[in-house]
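Work through the exercises below with the structure open. Each task is followed by a stepwise solution.

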Amino acid sequence: MDPFKAGSAGVDTIIGLTGVKLTLQSTAGPVNILRGIDLGIEAGERVGIVGPSGSGKSTLLAVLAGLERVSEGEVRVAGADLNALNEDQLALWRRANVGIVFQSFHLIPTMTALENVAVPLELAGAPDAIERARAALRQVGLDHRETHYPAQLSGGEQQRVALARAVAPRPALLLADEPTGNLDGATGHAIIELMFGEAARLNSTLVLITHDDQLASLCDRVVHIEDGRIRSVTQGTARARPKAAE
Ligand code: ADP
Ligand code: MG
């Protein structure tokens with residue numbers, strides 16, 4: 001893919017944000033969290049999002065996932081105009097198109113690793129949910145942890161389960177918000193390697209928020225956010241996609 005073409009309007013554009021503003025009302029008055037974001041991302045691209053704490057990165061990701069509604073602007077993601085969907089439609093759209101990995105894993109503590117991965121597949125009506133969940137856990141190297149509960153797993157293992165859960169439905173869009181934030185350096189790098197590998201294997205578009213400039217530079221492009229605006233977009237190292245591990 002030609003990285004210079006990324007962001008141009010075309011049939012392969014999976015994310016198109018135009019003039020996106022998000023303002024929340026607080027007791028102290030309106031808070032402008034996103035102040036006019038224009039961003040186009042091509043299918044299959046890997047885009048890093050960096051910026052200071054409080055600059056709006058998580059809010060932007062929530063907009064892409066259809067978890068936050070914008071105050072102004074267009075939000076087109078994975079074939080849908082998110083502004084035009086009601087909550088039920090958004091939930092269905094998200095289930096079909098989006099996988100999300102959070103900093104704090106967000107696993108369900110009363111469910112085993114296998115159940116955590118299988119649940120979204122079951123919700124999506126997959127008849128072979130358990131088999132696919134098993135395969136996803138195998139893919140992240142956790143087939144020996146199927147019956148373990150989150151509390152019995154290390155942070156790195158919990159994040160692997162979360163990654164397996166996110167990718168098991170084969171989402172077109174994989175979103176990650178500081179996925180290495182609670183992990184040590186080596187464990188975090190292993191998660192990122194897996195995440196890039198899974199995105200490549202599934203041809204998913206990856207949007208990765210990170211504090212780690214080195215991790216961000218592994219992406220095709222890096223979007224620098226400051227105070228609710230895009231300050232600059234730079235090229236990542238755009239290394240060849242890692243070979244899909246089967
Ligand atoms: P980042 O992920 O870059 O650290 P966030 O997107 O979480 O930033 O937050 C951006 C700004 O919006 C911050 O100043 C934060 O305090 C504010 N903010 C986020 N959510 C809310 C909310 N629900 N109500 C009020 N302010 C919020
Ligand atoms: Mg954040």
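This is a predicted model: local features need pLDDT of at least 70, side-chain atom pairs count only at pLDDT 80 or more; totals for chains, interfaces and linings use all residues.

**Exercise 1. Which polar contacts hold oxygen atoms of ligand 1 at Gly54, Lys57 and Thr59?**

Solution. 
- Step 1. Go to the side chains. Lys57 places a polar side-chain atom 2.8 Å from an oxygen atom of ligand 1.
- Step 2. Check Thr59. An N or O atom of the Thr59 side chain is 2.6 Å from an oxygen atom of ligand 1.
- Step 3. Widen the view. The surroundings of ligand 1 consist of Leu24, Ile33, Pro52, Ser53, Gly54, Ser55, Gly56, Lys57, Ser58 and Thr59.

**Exercise 2. Classify the packing of α5 against α6.**

Solution. 
- Step 1. Locate the helices. α5 covers residues 155-167, and α6 covers residues 185-202.
- Step 2. Take the geometry. The angle is about 15°, and the axes are 10 Å apart.
- Step 3. Apply the cut-off. Angles under 35 degrees count as roughly parallel, so α5 is roughly parallel to α6.
- Step 4. The crossing of α5 past α6 is right-handed.
- Step 5. List the contact. α5 supplies Gly156, Gln159, Arg160, Leu163 and Val167. α6 supplies Thr187, Ala190, Ile191, Leu194, Met195, Glu198 and Leu202.
- Step 6. Sort these residues. Seven are nonpolar, three polar and two charged.

**Exercise 3. Are α3 and α4 parallel or oblique to each other?**

Solution. 
- Step 1. Locate α4. Its residues are 129-139.
- Step 2. Take the geometry. The axes of α3 and α4 come within 8 Å and cross at roughly 125°.
- Step 3. Roughly perpendicular runs from 65 to 115, and roughly antiparallel needs over 145. α3 and α4 are therefore oblique to each other.
- Step 4. α3 passes α4 in a right-handed manner.
- Step 5. List the contact. On the α3 side are Ala113, Leu114, Val117, Ala118, Leu121 and Glu122. On the α4 side are Ala129, Ile130, Arg132, Ala133, Arg134, Ala136 and Leu137.
- Step 6. Sort these residues. Ten are nonpolar and three are charged, with no polar ones.

**Exercise 4. Where does Ala78 lie, and which residues does Ala78 touch beyond four places in sequence?**

Solution. 
- Step 1. Ala78 is in the loop between β4 (72-77) and β5 (80-81).
- Step 2. Find its partners. Leaving out residues up to four places away, Ala78 touches Ile14, Trp93 and Asn97.
- Step 3. Compare sequence with space. Ala78 and Trp93 are 15 residues apart in sequence, with their C-alpha atoms 8.8 Å apart.

Methods. Residues are numbered from 1 along each chain as its sequence is written. Chains are lettered from A and ligands numbered from 1 in the order in which they are written. Side-chain values use heavy atoms; hydrogens and water are left out. Axes are lines fitted to C-alpha atoms, for helices over the stretch in contact, and angles run from 0 to 180 degrees between N-to-C directions. Helices (H or I, at least four residues) and strands (E, at least two) are DSSP runs, numbered from the N terminus. A crossing is left-handed if the near helix is turned anticlockwise from the far one by less than a right angle, and right-handed if clockwise. Contact means heavy atoms within 4.5 Å. Ala, Val, Leu, Ile, Met, Phe, Trp, Tyr, Cys and Pro count as nonpolar, Asp, Glu, Lys and Arg as charged, and the others, Gly among them, as polar. A residue is near a molecule or strand if one of its heavy atoms lies within 4 Å of it. A polar contact is a pair of N or O atoms within 3.5 Å; within protein, one must be able to donate a hydrogen and the other to accept it, and residues adjacent in sequence count only if both atoms are side-chain atoms.
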